[in-house]
Each structure stands twice: as structure tokens, then as C-alpha cells.
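Hi everyone, thanks for making time. Let me put the sequence and the structure up on the screen, and then I'll walk you through a few places in it.

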Amino acid sequence: ADYALLCPGQGSQHPGMLDLALTSEAGREAIASASDVVAFDIASRVKAGGDLFEPVFAQVAIVAAAVATWRALSPHLPAPALAAGYSAGEVSAWSCAGSWSVAEAMAVIARRARFMALSSPPEHGMMAVTTLPAAALAPLLERHSLHVAIEVEEDHWILAGSRAQLERARPDLEGSGGSTHPLPVGVPSHTPLLATAAAELRAWLATMPTRDPAWPVLRGVDGRAMFRGGDARDGLADAVERSIRWRACIRECTERGIAAALELPPGSALARMATRGGRFDARAVSDFRSVEGVARWMERLGHQSG
């Protein structure tokens, strides 16, 4: 069965997120290679768990978890039809598709995280808003000077702005029917507030070699399928200062006839969202205890579609 490989962003980091990767030689090699680039032992720092939400380490750890787990899994699975990455996960998606080695992906994510942290205005953050349609949201964004960082689903948004503006907007958002959840993120990613970081990343990525991906990678800002290694550079730089349209990525999957998805660690939120409309048979690697478990599920999928 054709399936999409989904690479998560921040939000579900946990101290066990490298466990499956560490059960395989290929996964351990990938984590060692990633650790060499950032000059610390990623595995022990993840296990300790103390700074999994610190802005720079969080991004490094998330990409390391996804790419190392894919190295462990890929010899046992058919190739995906495409890959899509949510926020920082877009770097993982390009690496899994072969455009960047583990070491190169680590260099990219560490640089992206640093540029974003350094150009982030102080006292800013992000907030999830659910059960609120676009028509109700639009006037409130204007009134409270907030940005949509991520369009998750038609009634699910991640907003960014100053903490004070987010706090002030909560009664209005809830009064219009929304549920609000502040997120443990201190950087207003995917908004014009990070235009400086986007420009710095674009200039730095111009010096990075890339290879064409083995399968298309969906661009976060509009869900379009990209087929050339060079597309990674603009796609990633654009996404630092523009909204991520995850809904468009999922729509692209369905339009291409893809009915299954596998989410790499650390999360399972993307798999849960994909199954919600009943269009996808989606699972997260974190639902399984072993590489063999994932391979068996994939085998069953193949038989069902056949």
C-alpha cells in the first residue's frame, strides 16, 4: 500500500523517544553521527529529559529521533510514496528522503534553531486554538495583533504573538467558541516576526549541498510536492516566516490516493489527526514496541490493499 511518512515537530518530546532507534545498529550509528555534529551525547541528554523543551535542543532532539528511527526502520519497510514534515519535522522529511545525511540534517536543524532563537522577540509564545472556524478567527487576529503560525485543521490553529497579546485574546477566542491551550514554546515560529531568521537561514542553506529526494517531500507552507534537492532550501527558509499549512499537506496526500501514514517519533498527534476524517489508516511508530511490529503492520496494510 502507498503510504506517507510523517515527521513531527515540537510538542511531544519525551525521554524514551530514542528507544526504538537504539535497538538497531543503524539507529545507534545515526545517533552517534548526529551527536558528533552537535558535540554532545544526544541519547544521554534525551534520556535525562531536563531540557527537552529548550528551544535549540528541542529541535535537534526531535530531528535526531525521527532520522535515527527511520535508519532503523527503512531496511524493513517498503519506500513511502512521499514524506511530509510538520514544522521542524520538514528537515527530518528531507533527510529521510535522502536529500541530507544524518550529519547534514543535524547541521541544518541546529543552525535553524539557533537563528530562530536569536532573532525571536522576548516574551513571545504560541497557543493552540481548537473548535474555532476561520471566519470567527480572522477578526480576532486583527484585533489582538496575532499571527496564524500553523493551520492544522479547518477549526484547529496554532497562533503566535506576544504572551501578553495571547493572554488578552483568550477571553475573546473562548467567547467565540474556541478552546485555548498555551504551548511550551517561546519562539513565534512561522510568522513575519522571524523574518530575520528566515533571511539568515536562506543565506546559510545556499552553501549546503543537497541531493534529489528518493520520493517527493511536501512543502510545509503550501503542501506542494517537491522533487529536487534545491527545493529544500527555499521551502525551509520560507517556513520560518510563513504559516505552515498542515491541512494542505494532508489534502495533497488524499488527492494522490494515499490512504495510509506512518508517523516517526517522538509523536503520535499527526497520525491521530490523519485518522480523524476516516480517510487514513495511520499509526505512529511510538504505538509499537519493535521494528518488527512496525514491519508487520506495514505487511498487513499491503495485503489489505491488494
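This is a predicted model: local features need pLDDT of at least 70, side-chain atom pairs count only at pLDDT 80 or more; totals for chains, interfaces and linings use all residues.

Residues are numbered from 1 along each chain as its sequence is written, and side-chain values use heavy atoms, with hydrogens and water left out.

Let's start with Ser99. You'll find Ser99 in the loop between helix H5 (89-96) and helix H6 (102-119); helices are DSSP runs of H or I with at least four residues, strands are E runs of at least two, and both are numbered from the N terminus. Is Ser99 buried or exposed? Ser99 has a relative accessible area of 0%, so it is buried (buried is under 20%, exposed over 50%, partly exposed in between, with a 1.4 Å probe and protein chains only). A polar atom of the Ser99 side chain lies 2.7 Å from the backbone oxygen of Arg211. Beyond its neighbours within four places in sequence, Ser99 is in contact (heavy atoms within 4.5 Å) with residues including Trp94, Glu104, Thr210, Asp212 and Gly229.

Next, strand E3, residues 124-130. Seven of its seven residues are buried, so E3 is largely enclosed by the rest of the structure. His124, Met126, Ala128 and Thr130 point one way, while Gly125, Met127 and Val129 point the other way. What does E3 pair with over seven bridges? That is strand E5 (residues 156-162), in the antiparallel sense; pairing takes at least two DSSP bridges between two strands. Within E5, Ala160 stands opposite Met126. E3 also runs antiparallel to strand E6 (residues 179-182), joined by four bridges, and there Met127 has Pro182 as its bridge partner.

Finally, the rings. There are four aromatic pairs in the structure (Phe, Tyr or Trp rings, the six-membered one for Trp, with centres within 6.5 Å; planes under 30 degrees apart are stacked, over 60 edge-to-face, the rest tilted). One of them is Tyr86 with Trp246, edge-to-face at 5.4 Å centre to centre and 75 degrees between the planes. This pair links distant parts of the chain, 160 residues apart: Tyr86 is in the loop between strand E2 (82-85) and H5, and Trp246 is in helix H11 (residues 246-255). Tyr86 is buried at 11% relative accessible area, and Trp246 is buried at 1%.

Definitions and conventions. A polar contact is a pair of N or O atoms within 3.5 Å; within protein, one must be able to donate a hydrogen and the other to accept it, and residues adjacent in sequence count only if both atoms are side-chain atoms.
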